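Reader: Please walk me through reading this structure, feature by feature.
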2 protein chains.
Amino acid sequence: MTSETSHSAAVFEKRLRDSAAETQAALVAMLNGDALADETVRPSNLLAAMRHGTLNGGKRLRPFLVRETAAMLGGNAAAALRVGVALECLHCYSLIHDDLPAMDDDDLRRGQPTVHKAYDEATAILAGDALLTYAFDIIAAPETDFSDRQKIELVLALSRAAGMGGMVGGQVLDIEAEKTHPNEADIVTLQAMKTGALLRFACEAGAIAAGASAADRQTMRKFGETVGLSFQLADDLLDVTSDAATLGKATGKDAGRGKGTLVALHGTEWAEKRLDALTEEAENLLSPYGEKAAILRQAARFIADRKS
Amino acid sequence: MTSETSHSAAVFEKRLRDSAAETQAALVAMLNGDALADETVRPSNLLAAMRHGTLNGGKRLRPFLVRETAAMLGGNAAAALRVGVALECLHCYSLIHDDLPAMDDDDLRRGQPTVHKAYDEATAILAGDALLTYAFDIIAAPETDFSDRQKIELVLALSRAAGMGGMVGGQVLDIEAEKTHPNEADIVTLQAMKTGALLRFACEAGAIAAGASAADRQTMRKFGETVGLSFQLADDLLDVTSDAATLGKATGKDAGRGKGTLVALHGTEWAEKRLDALTEEAENLLSPYGEKAAILRQAARFIADRKS
């Protein structure tokens, strides 16, 4: 690594950390009972469980992608932040429900007790439900400074990315895959739905937030899809090569469950080459945007190369 | 009962049944995998569980209230039907999650196995998540013939009615109430959130669907709140006075759990008087609309007097 790329990587990582801190601050403010003032009651225990499930660190990659895509295309940063927070609420709901005993039955998430361990199962189910619902509230709220058209496009794209044809559908396929031993095409489909759909939405949402042309929106959707594939492949690779201390969660789980991944099918060397190819594909999609796309280019590389 | 009111009740009940059949047909069409054509996959098992949780009869009271409020105020019936279907999907998600072992642990719903009994817990959690998400999809979809402003108002009102300050928050308070023995005011608040919020939304949504004035919208919101109180009080009364065969679900559960209800606090005679007072209040709210409000007037009476 030359000192120039090392400098550039340090700048990128600071930018990612700053964005995560901004998302965290917005989540803290928005999940504070006092800030939610109107005539109704919000049970403090529910809010505490929602905070437990959302404020526990994380890279906040999805809000970062919303933010940087919007920035590249000239969007309103404050409104993009609110969309990023909505997306993070939705992502965290999915983690809370995935961790439940009836699903992955995980006790730890980022080194901390999962919501159903820290509270109880009923509270975890309801905290997830509330976060999913709140995501749509945040987008539609008057405080989110977009046109009605932009908001409706965001609601529609988010509900499709998150629903039966997206993340939730992918989770069902993933559970079924433990029994059915899917082929390569099935694995790609389920991963594109389970984890890819929200990353694709993040980039598409940045384009909607910027009021981008249909062509730019399509390009950014494709970019999100591509980094989504990278993200999952890197995840599967880390499950094989990393250890629990580095990752903050159990590793080797996929193999333990006989779960089909592309790494299990083709090996780690193939996976590393495939990650390079995906990163190149993502970079090619960004070429029309020149220097403005520098951060997203680094993001694509970061997602493929990440070590945790 | 005079033969005139008996005739009128028969007409009302036919109208309610016809509306339920219309909602059912729309749900069948919309939860059919073939109708959901685009590039993604929707797992057939997930769709089957969603159908199991939504197509099992019911009076479809919430879509009926959307429809009749919209009709009274001159709204587009086809678009109001879509909002009613969205609301019914959301209502059914809440039933699926409420029935889970970690929540009410119910094996039967309307005489049929609950979703987690017919499928499994993971599928029930995910079917609920998918139905909640789909509710927002339906509202925002191009097929729903409203202005963007109307759609955003519907998304915002629905997310608030369903979320931490509405239905989900009420469910948390309800679970806590089994331990904390809430006073009368607490019971009223939790019921207004747990069951009242969606009925209030149904009537408010009808007003939004009709592009009604702020004053009409406020009146219909209040009407919905009032019939919501009636609905819950009638439910608590039925839990004491009815039997499982008539109701299609277990009865006497509230007392068995030491759960505070207004009926437990004040007795059945008080509850019947209170139901009359609430119906009168609801009718007074409708008086500005004269004959146009005939159906909603009967709906208020029906909700208070229902025997199942």
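This is a predicted model: local features need pLDDT of at least 70, side-chain atom pairs count only at pLDDT 80 or more; totals for chains, interfaces and linings use all residues.

Reader: Through which surface do the copies meet?

Author: Contact means heavy atoms within 4.5 Å. Of the interface residues of chain A, 100% are also interface residues in chain B, so the copies meet through the same surface.

Reader: How many aromatic pairs does the structure hold?

Author: Rings of Phe, Tyr and Trp (its six-membered ring) pair if their centres lie within 6.5 Å; planes under 30 degrees apart count as stacked, over 60 as edge-to-face and the rest as tilted. Over all chains, the structure holds 5 aromatic pairs. One joins A:Phe136 and B:Phe136: the ring centres are 4.3 Å apart and the planes are at 10°, so the pair is stacked. This pair crosses between chains, from helix H6 (residues 121-140) of chain A to helix H6 (residues 121-140) of chain B. Helices (H or I, at least four residues) are DSSP runs, numbered from the N terminus.

Reader: Is A:Phe136 buried or exposed?

Author: Buried means under 20% relative accessible area, exposed over 50%, partly exposed in between (1.4 Å probe, protein chains only). A:Phe136 is buried, and so is B:Phe136.

Reader: Which pair links distant parts of the chain?

Author: Take B:Phe12 and B:Phe302: their ring centres are 5.5 Å apart and their planes at 50°, so the pair is tilted. B:Phe12 is in helix H1 (residues 3-30) of chain B and B:Phe302 in helix H15 (residues 294-305), 290 residues apart. B:Phe12 is buried at 3% relative accessibility. B:Phe302 is buried too, with a relative accessible area of 16%. In chain A, ring pairs link A:Phe12, A:Phe64 and A:Phe302 into a cluster.

Reader: Which residue lies over the face of A:Phe231?

Author: A charge sits over a ring if NZ of Lys or CZ of Arg is within 6 Å of the ring centre and within 35 degrees of the ring normal. A:Arg62 lies over the face of A:Phe231, at 5.5 Å from the ring centre. For B:Phe231, the residue over the face is B:Arg306, at 4.0 Å from the ring centre.

Reader: How many disulfides does the structure hold?

Author: A disulfide is a covalent bond between the sulfur atoms of two cysteines. The cut-off is a pair of cysteine sulfur atoms within 2.5 Å. The structure holds 0 disulfides over all chains. The sulfur of A:Cys203 is 18 Å from the closest cysteine sulfur, in A:Cys92, too far for a bond. For B:Cys89, the closest cysteine sulfur is in B:Cys92, 7.0 Å away, again too far for a bond. A:Cys203 is buried, with a relative accessible area of 0%. B:Cys89 is buried, with a relative accessible area of 0%.

Reader: What does A:Thr133 touch?

Author: Start with its setting. A:Thr133 is in helix H6 of chain A and is buried, at 0% relative accessibility. Not counting residues up to four places away in sequence, A:Thr133 touches B:Leu132, B:Phe136, B:Ser159, B:Ala162 and B:Gly163. A polar atom of the A:Thr133 side chain lies 2.7 Å from the backbone oxygen of A:Asp129.

Reader: With which side chain does the side chain of A:Thr123 make a polar contact?

Author: A polar contact is a pair of N or O atoms within 3.5 Å; within protein, one must be able to donate a hydrogen and the other to accept it, and residues adjacent in sequence count only if both atoms are side-chain atoms. The side chain of A:Thr123 makes one with the side chain of A:Asp120 (2.7 Å). A:Thr123 is found in helix H6 of chain A and counts as buried at 9% relative accessibility. Leaving aside neighbours within four places in sequence, A:Thr123 is in contact with A:Asn45 and A:Ala49.

Reader: Where is A:Gly211?

Author: A:Gly211 is in the loop between helix H9 (184-209) and helix H10 (214-241) of chain A. A:Gly211 counts as exposed, at 54% relative accessibility.

Conventions:
Residues are numbered from 1 along each chain as its sequence is written. Chains are lettered from A and ligands numbered from 1 in the order in which they are written. Side-chain values use heavy atoms; hydrogens and water are left out. Helices (H or I, at least four residues) and strands (E, at least two) are DSSP runs, numbered from the N terminus.
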